[in-house]
Amino acid sequence: MQNPTILAIESSCDDTSAAVFKNGKVASNFICNQKIHEQYGGVVPELASRDHLKNIVPVVEEALKQSNTKLEHVDVFACTVAPGLIGSLMVGVCYAKGLAMAMNKPLIGVNHMQAHVLANFIDEPTPKFPCLCLTVSGGHTQIVLIKNFLEQEVIGETLDDAAGEAFDKTAKMLGLPYPGGPLVDKYAQLGNPKTYDFPEPKIADLNFSFSGLKTSVLYFLQKQKLANPNFVEENLNDICASVQQRIVSILLNKLNKASIQTGIREICIAGGVSANSGLRQMAADFAKQKNWNLYIPKFEYCTDNAGMIAITAYQKYLKNEFDDLDLSPMAR
Ligand code: KG4
Ligand code: ZN
């Protein structure tokens with residue numbers, strides 16, 4: 001069958017999401033973000049699993065409804081299998097397995113990072129192979145060489161914190177609630193990125209490091225607050241703009257290095273941090289200067305979503321890469 005209907009589930013962290021892929025495209029992508037973690041300043045794994053359990057049935061029903069699909073018309077079930085929080089993954093994997101078993105249909109397990117990359121292939125125009133993808137999320141920061149849909153090679157990655165963590169930890173130091181990345185972005189848009197100069201780490205190859213930046217922001221804030229206890233409140237926009245500028249320049253300078261090394265100018269960006277307005281703007285500037293063809297998914301396909309699981313499952317379906325019902329989630 002060239003045109004299967006696929007029901008995909010994503011539950012690797014704190015978003016419960018389901019999507020339907022049919023007639024060759026993502027027909028629905030419903031995402032339920034768990035608010036419960038805000039009060040704890042980070043994702044609490046046990047609470048995440050419990051919330052997935054509560055959300056999974058209505059989220060799947062909504063994805064089916066929005067795409068006008070009946071469960072009995074689904075040809076293939078798919079789910080994120082790794083990497084992620086094991087309890088969270090378990091909910092999506094077990095639910096997808098249960099549906100596949102009950103409906104007597106095949107099952108496909110999908111790698112979450114591979115799926116973030118393939119989010120760039122949901123809407124036209126799509127990148128041409130080979131291309132490079134900067135994948136920036138809360139848990140990962142990678143430069144990936146994409147030879148074709150399922151042949152992806154990580155050619156650079158973070159040695160410590162992920163880019164999303166750098167945003168979230170900065171936000172925490174500024175007293176902003178979790179997840180702080182979007183808030184740093186919001187305040188940065190009102191500030192001057194040239195106000196404070198934070199150091200760019202000197203890391204070999206195509207790898208990244210954000211822990212030095214985190215420490216320098218911490219020491220900078222401690223020093224400023226000694227002189228003026230209201231320093232953060234009075235300068236929030238400029239601090240956010242300056243830190244964001246540095247995170248983004250670290251990312252794009254490495255991406256540029258990868259483009260020069262490989263000679264590839266088909267460039268994609270993926271993962272939650274690709275929603276960042278500073279990254280989008282500066283990437284567009286780089287694209288103009290360096291003659292890149294730049295691709296960034298729509299916002300709903302940047303952060304965790306099942307649409308990207310569905311399109312990856314479709315590619316695996318075309319290659320007959322099915323899993324059996326022994327499929328187990330893996331944290332890594
Ligand atoms: O890909 P994702 O939804 O989940 C993971 O797989 O980790 O990425 C979540 C990360 C969080 O660190 C969040 O703060 C960050 O993406 N993020 C942003 C923005 N939107 C989400 N960081 C900076 N600016 C944004 N607009
Ligand atoms: Zn993710």
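## Ligand surroundings and nonpolar cores

Ligand 1 is surrounded by 18 residues, and the closest of them are Gly 138, Asp 168, Asp 185, Gly 272 and Asn 276. The model is a predicted one. Sorted by class, the shell around ligand 1 comprises 11 polar, 4 nonpolar and 3 charged residues. At least two residues of this shell come from each of helix H3 (112–118), H4 and H5.

| Residue | Atom in the residue | Distance to an oxygen atom of ligand 1 |
|---|---|---|
| His 112 | side-chain N or O atom | 3.3 Å |
| Gly 138 | polar backbone atom | 2.8 Å |
| Asp 304 | backbone N or O atom | 3.0 Å |

On its own, ligand 1 has 560 Å² of accessible area, of which the protein covers 88%.

The largest nonpolar core contains 47 residues, and Phe 210, Leu 221, Ile 247 and Leu 251 have the most contacts inside it. Elements that contribute two or more residues to this core include strand E6 (131–136), strand E7 (141–148), helix H4 (163–173), helix H5 (181–188) and helix H7 (231–262). H7 provides the largest share of the core, with 14 residues.

Leaving aside residues up to four places away in sequence, Leu 251 touches Leu 134, Val 136, Thr 141, Ala 163, Phe 208, Phe 210 and Leu 279. Another core, of 30 residues, lies apart from the largest one; among its members are Val 76, Ala 115, Ala 306 and Ala 310.

Conventions
Residues numbered from 1 in each chain as written. Chains lettered and ligands numbered in written order. Predicted model: local features only at pLDDT ≥ 70, side-chain atom pairs only at ≥ 80, totals over all residues. Heavy atoms only, no water. Core = buried A, V, L, I, M, F, W, Y, C linked by side-chain atoms within 4.5 Å. Buried < 20%, exposed > 50% of the residue type's maximum accessible area, 1.4 Å probe, protein only. Helix = DSSP H or I, 4+ residues; strand = E, 2+ residues; numbered from the N terminus. Contact = heavy atoms within 4.5 Å. Near = heavy atom within 4 Å. Polar contact = N/O pair within 3.5 Å; in protein donor to acceptor, adjacent residues only side chain to side chain. Areas by Shrake-Rupley, 256 points an atom, 1.4 Å probe, with all protein chains shown as cover. Nonpolar A, V, L, I, M, F, W, Y, C, P; charged D, E, K, R; others polar.
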